[in-house]
Amino acid sequence: MMKYILTILVALLISSAGYSQSLYSMNYTMSMGTGDQGDYISSTSFRGMTFDGRGFISDQFSMGGLFTWSTFYEKLGGATVSEGSLTLTGTQYRYINAFPMLLTAHYYTSDDPYSTRAYLGGGLGAYKINQRTNIGTYSFEDREWHFGISPEVGVLIPISMDTQFNISLKYHYAFKAKNTINYSWFGLNVGFAWGD
């Protein structure tokens, strides 16, 4: 299943170059876990980046793809973890590295690329998530592929003829796989967009 999703994502990104107008953005991403993920790591993440490519299929609609890397970390003193028949208590170091690779679609409130434009959109596709808990010399790790969705709201603000300031808020939800939790988090993206 994931092979098909990744193949479609790559094909869509390559084909977006054929559209008459394209938009690319590179963003710094800050994230905060919610639900089960927020229970596991409650700290806000200031380590993330998002690359987004979109091809316009009309003046107000685009399709494309994105890749995000978000890292979550928290240190917990005196915590207990159980794995099978093993139970350990001590200082835990908890990590999540999340890599969403999504197909996206967006609607823009204006068809003028030289004015401020709000947009609504979303994505769906593959999430590669690595979760690790270190306690003493022991390490417990899950590395799984997930299917997920990500609604988004944002705004593009022109700063030159071909460059725009981009700010957006995404909600990521990756459905559980095997024995993992459901992963979910809000991501605030701030960066620059450019296109032809």
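**Reading strands, aromatic pairs and pockets in this model**

Colleague: Which residue in the turn between β3 and β4 has a positive phi?

Modeller: Gly-84, with a phi of about 65 degrees; β3 and β4 form a hairpin there, with two residues between them. This is a predicted model, in which local features need pLDDT of at least 70 and side-chain atom pairs 80 or more, while totals for chains, interfaces and linings use all residues. Residues are numbered from 1 along each chain, and side-chain values use heavy atoms, without hydrogens and water.

Colleague: How many bridges join β3 to β4, and in which sense do the strands run?

Modeller: A strand is a DSSP run of E, at least two residues long, numbered from the N terminus; two strands pair if DSSP finds at least two bridges between them. β3 (61-83) and β4 (86-108) run antiparallel and are joined by 19 bridges. Within that pairing, Ala-79 has Gly-90 in β4 as its bridge partner.

Colleague: What joins β3 to β2?

Modeller: Ten bridges, again in the antiparallel sense, with β2 covering residues 47-56. Asp-52 stands opposite Leu-66 in β3. β2 and β3 also form a hairpin, this one with four residues between the strands.

Colleague: Now the rings. How many aromatic pairs are there?

Modeller: Rings of Phe, Tyr and Trp (its six-membered ring) pair if their centres lie within 6.5 Å; planes under 30 degrees apart are stacked, over 60 edge-to-face, the rest tilted. By this rule there are 14 aromatic pairs. Take Phe-56 and Tyr-108: the ring centres are 5.0 Å apart and the planes stand at 35 degrees, so the pair is tilted. The pair links distant parts of the chain, with Phe-56 in β2 and Tyr-108 in β4, 52 residues apart. Both Phe-56 and Tyr-108 are buried (under 20% relative accessible area; exposed is over 50%, partly exposed in between, with a 1.4 Å probe and protein chains only).

Colleague: What is the geometry of Phe-61 and Tyr-107?

Modeller: The centres of these two rings are 5.2 Å apart and the planes are at 50 degrees, so this pair is tilted. Phe-61 belongs to β3 and Tyr-107 to β4, so the pair ties together parts 46 residues apart in sequence. Phe-61 is partly exposed, at 41% relative accessible area. Tyr-107 counts as partly exposed too, at 35%. Elsewhere, Tyr-24, Phe-51 and Trp-194 form one aromatic cluster.

Colleague: How much space lies in the largest pocket?

Modeller: On a 1 Å grid over the protein atoms alone, a pocket is an open set of points with protein on both sides within 12 Å along at least five of seven lines, whereas a cavity holds a 1.4 Å probe that cannot get out; lining residues have an atom within 4 Å of a point. Points are joined across faces, edges and corners, and volume is the space filled by probe spheres set on them. The largest pocket holds about 210 Å³. Its lining has 13 residues, with Glu-83, Gln-131, Thr-133, Phe-140 and Asp-142 nearest the centre. β3 gives the largest share of that lining, four residues.

Colleague: Which residues lie nearest the centre of the second largest pocket?

Modeller: Gln-21, Pro-113, Met-161, Gln-164 and Gly-195, out of 15 lining residues. The volume of the second largest pocket is about 150 Å³. β1 (22-33), β7 (163-174) and β8 (183-195) each supply at least two residues of its lining.

Colleague: What lines the largest cavity?

Modeller: Leu-23, Tyr-24, Ser-25, Asp-52 and Arg-54 are among the lining residues. β1 gives the most, three residues. The volume of the largest cavity is about 40 Å³, and the count of cavities of 30 Å³ or more is one.
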